[in-house]
Amino acid sequence: MNNGKQEIILKGLPSSGGIAIGTAYLYHREEVYVTERILTDEELEAELVLLDEAIERSRHEVQKIANFAHEKLNEEAAQIFESQLLMLDDVEMRKALDMRLRREKKNADFLVYDELQKYKELLGGASDELLRERVVDLDEIGQRIMRNLQKKRLHSTVEGEHVIIASQLTPSDTILFSKNDVLGYATDLGGITSHAAILSRSLKIPAVTALHTVTAVVQTGDEVILDGQRGLLIVNPTQDHREEYELKLRRIANFEAELKGLVDLPCETPDNHKVELSANAEFINELEYVVTQGSKGIGLYRTEHLYIEKGDFPSEQEQYVEYSEIAHMLYPQQVIFRTFDIGGDKLLDTAVPESNPFLGWRGIRMMLDKPEIFRQQLRALLRASTMKNIKIMFPMISGLTELLEVLELLNDVKEELRGEGMAFDESMEIGLMIEVPSAVFIADELAKHVQFFSIGTNDLVQYLMAVDRNNELIADLYQEFHPAVLRAIKHTIDTGHANGLWVGMCGEMAGNPLATLLLLGMGLDEYSMVPSVIPEVKTIIRSTPFTEAKAVADEALSLSNSFDVRSFLYTYMRDHFPELYASWMTGENGENDVE
Amino acid sequence: MIEHQVTIKNRSGLHTRPAAALVKTAARFVSEFYITKDDFEINGKSIIGVMTLAAEQGASLHLVFDGSDEEEMANAIVGLFEDGFGEL
């Protein structure tokens with residue numbers, strides 16, 4: 001399948017989710033080159049007219065893209081092109097060009113190049129990623145004006161379905177390719193917050209950036225797999241990897257078809273035990289998909305991306321606009337916002353390097369040290385709650401003092417809003433994530449102060465097992481079916497219920513169909529997962545009586561090691577859900593060993 | 001001629017959106033508008049100029065308005081800074 005070529009796996013930054021399998025197309029932007037020339041007096045007058053026309057034409061081109069971004073994408077995307085329009089209209093640039101044309105009598109395309117070079121040098125020294133992005137924007141408009149001055153046409157169309165490989169993509173490249181059948185983007189440069197990455201996400205096109213060497217390694221026509229979830233580009237994939245990813249793609253496609261039949265049916269066992277299935281989400285443009293896919297709202301909305309995209313904490317107003325838009329889109333469904341969980345693997349650029357970031361300054365610990373920022377987020381969330389479909393939960397709570405401190409801050413903010421006559425949902429439910437082992441053992445104390453728990457299994461497992469899941473040497477010790485993990489989950493659910501709370505789960509385990517019955521039998525009330533696994537989980541729950549699920553959970557909890565638990569669950573699924581089981585068996589190969 | 005000293009209050013400084021808001025507001029007036037930061041002066045009606053200021057939160061800027069509608073212009077522009085460009 002890979003024609004004997006060596007498989008190469010490149011690791012970059014996951015900049016836009018999704019998977020693409022196809023052939024690579026190595027894209028070199030046609031750079032416009034200029035040569036310096038002295039004009040005659042007649043040529044000079046014509047050159048001034050030419051410059052006018054070229055800028056006008058450039059404006060027209062960018063306006064078209066801006067309109068597209070406005071109508072089809074979101075405001076953030078449109079803003080990128082609005083800014084480019086302002087650059088094209090820049091008075092100082094125009095003044096300088098006119099003056100230099102008359103004084104130096106040189107060709108306009110050379111002067112545009114030379115003038116922009118000056119601005120780029122002024123900006124180029126900046127270390128700030130946002131400023132570097134502006135250099136890309138300046139380059140793009142400069143190239144556009146020069147191309148129009150030379151009356152060349154842009155050839156950025158690509159025939160057929162390809163994964164585009166480029167050194168760097170400009171905002172316009174990203175949009176223009178998307179109008180063809182582009183499958184994905186892989187670039188040497190860029191980052192999660194680059195304009196091209198922001199646009200890829202709003203276009204729902206998978207993208208991996210910062211691959212450094214991709215244009216040197218990949219040739220047009222090479223077979224590639226682009227994994228936008230994990231930030232990988234697999235060049236000349238082995239048969240195994242190809243099959244694995246084809247299966248993933250088929251699952252995603254099947255899922256939509258399956259869901260059509262399931263979407264309106266309640267998530268209920270044959271003996272009428274109801275649970276809720278909701279989705280994990282991070283970006284506002286994922287919501288349209290979530291809304292149509294039949295989840296019961298959002299069980300985990302991560303707010304960190306607001307910080308990551310901006311490179312700084314967003315203002316109360318920016319947050320309010322986003323949170324209320326989400327609440328409106330989902331209404332009458334519910335959305336649970338998790339307050340900023342920065343630190344750990346979501347690195348803060350300016351943070352002091354920590355020798356142990358996962359045990360360090362992250363989540364609620366950081367927010368309590370930055371009360372001004374935390375208050376703004378709480379104010380924004382409360383203000384967005386007037387439709388009564390918002391809940392808030394706090395990450396990384398490890399003890400009662402922390403929780404009480406958080407709740408005091410929350411009450412203070414509520415009082416402040418009342419004083420300002422601002423409306424909010426007075427009966428809003430507040431919850432906390434159970435992801436630090438200490439919280440499991442004092443769940444009874446914590447439960448007295450909140451309305452729900454949400455179990456974050458990814459961190460809970462790594463903290464319980466003392467295993468960094470990203471460390472290859474010990475990754476096999478990361479076991480979500482370890483008896484200690486199961487007991488911690490059971491204890492959390494039981495304690496929550498005994499105190500009148502409902503208990504959900506938002507870690508990866510909630511979306512693992514192998515765990516579905518076990519969790520159902522333990523009494524979990526809500527599962528929050530990536531939307532694509534909802535149909536499988538729903539099918540399992542709708543076909544198994546609650547009494548049966550309880551028996552499965554009891555059996556699993558009686559086993560003494562992770563291997564036995566998994567074998568028991570696999571056997572059960574093979575006997576009761578042979579079709580699902582068969583699809584896992586092909587998918588399970590290398591599910592976790594691509595890296 | 002009117003002069004004002006302002007401090008950037010909004011956390012992200014004069015990044016893409018505030019810079020665009022500033023230049024668009026300035027364009028509504030005929031008066032001239034210059035911004036000085038650390039001896040570096042730019043035309044406040046030029047987006048590229050505003051970008052090259054790289055003005056971050058806390059930066060102190062000197063604004064000069066000069067022309068027939070300088071008063072209205074100063075009110076509008078200083079208002080934007082005081083309001084933190086709607087990001088406070």
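A residue counts as buried when its relative accessible area is under 20%, as exposed when that area is over 50%, and as partly exposed in between, using a 1.4 Å probe and the protein chains only. By this rule, 57% of the 88 residues of chain B are buried, and in chain A the buried share is 56% of 595 residues.

This is a predicted model, in which local features need pLDDT of at least 70 and side-chain atom pairs count only at pLDDT 80 or more, while totals for chains, interfaces and linings use all residues. Residues are numbered from 1 along each chain as its sequence is written, chains are lettered from A and ligands numbered from 1 in the order in which they are written, and side-chain values use heavy atoms, with hydrogens and water left out.

**The two chains**

Helices (H or I, at least four residues) and strands (E, at least two) are DSSP runs, numbered from the N terminus. Accessible areas come from the Shrake-Rupley method with a 1.4 Å probe, and for residues only the protein chains shown count as cover.

| Chain | Secondary structure | Accessible surface | Carbon and sulfur share |
|---|---|---|---|
| Chain A | 24 helices, 16 strands | about 25600 Å² | 51% |
| Chain B | three helices, four strands | about 3800 Å² | 46% |

Read from the N terminus, the elements of chain B follow the order β-α-β-β-α-β-α. A contact means heavy atoms within 4.5 Å; among contacts in chain A between residues at least 6 apart in sequence, 69% join residues at least 24 apart, and for chain B the corresponding value is 69%.

**A helix pair in chain A**

Helix α6 (residues 171-178) and helix α7 (residues 195-203) of chain A pack with their axes 8 Å apart, at an angle of about 25 degrees. Axes are lines fitted to C-alpha atoms, for helices over the stretch in contact, and angles run from 0 to 180 degrees between N-to-C directions. The angle therefore makes α6(A) roughly parallel to α7(A), a term for angles under 35 degrees. To this contact α6(A) brings Pro171(A), Thr174(A), Ile175(A) and Ser178(A), while α7(A) brings His195(A), Ala196(A), Leu199(A), Ser200(A) and Leu203(A).

**A helix in chain B**

Helix α1 (residues 16-26) of chain B holds several buried residues, namely Pro18(B), Ala19(B), Ala20(B), Leu22(B), Val23(B), Thr25(B) and Ala26(B). The cover over the buried residues of α1(B) includes β2 (32-37), α2 (47-53) and α3 (70-82) of chain B, together with α2 (75-88) of chain A.

Definitions and conventions: Parallel < 35°, antiparallel > 145°, perpendicular 65-115°, else oblique.
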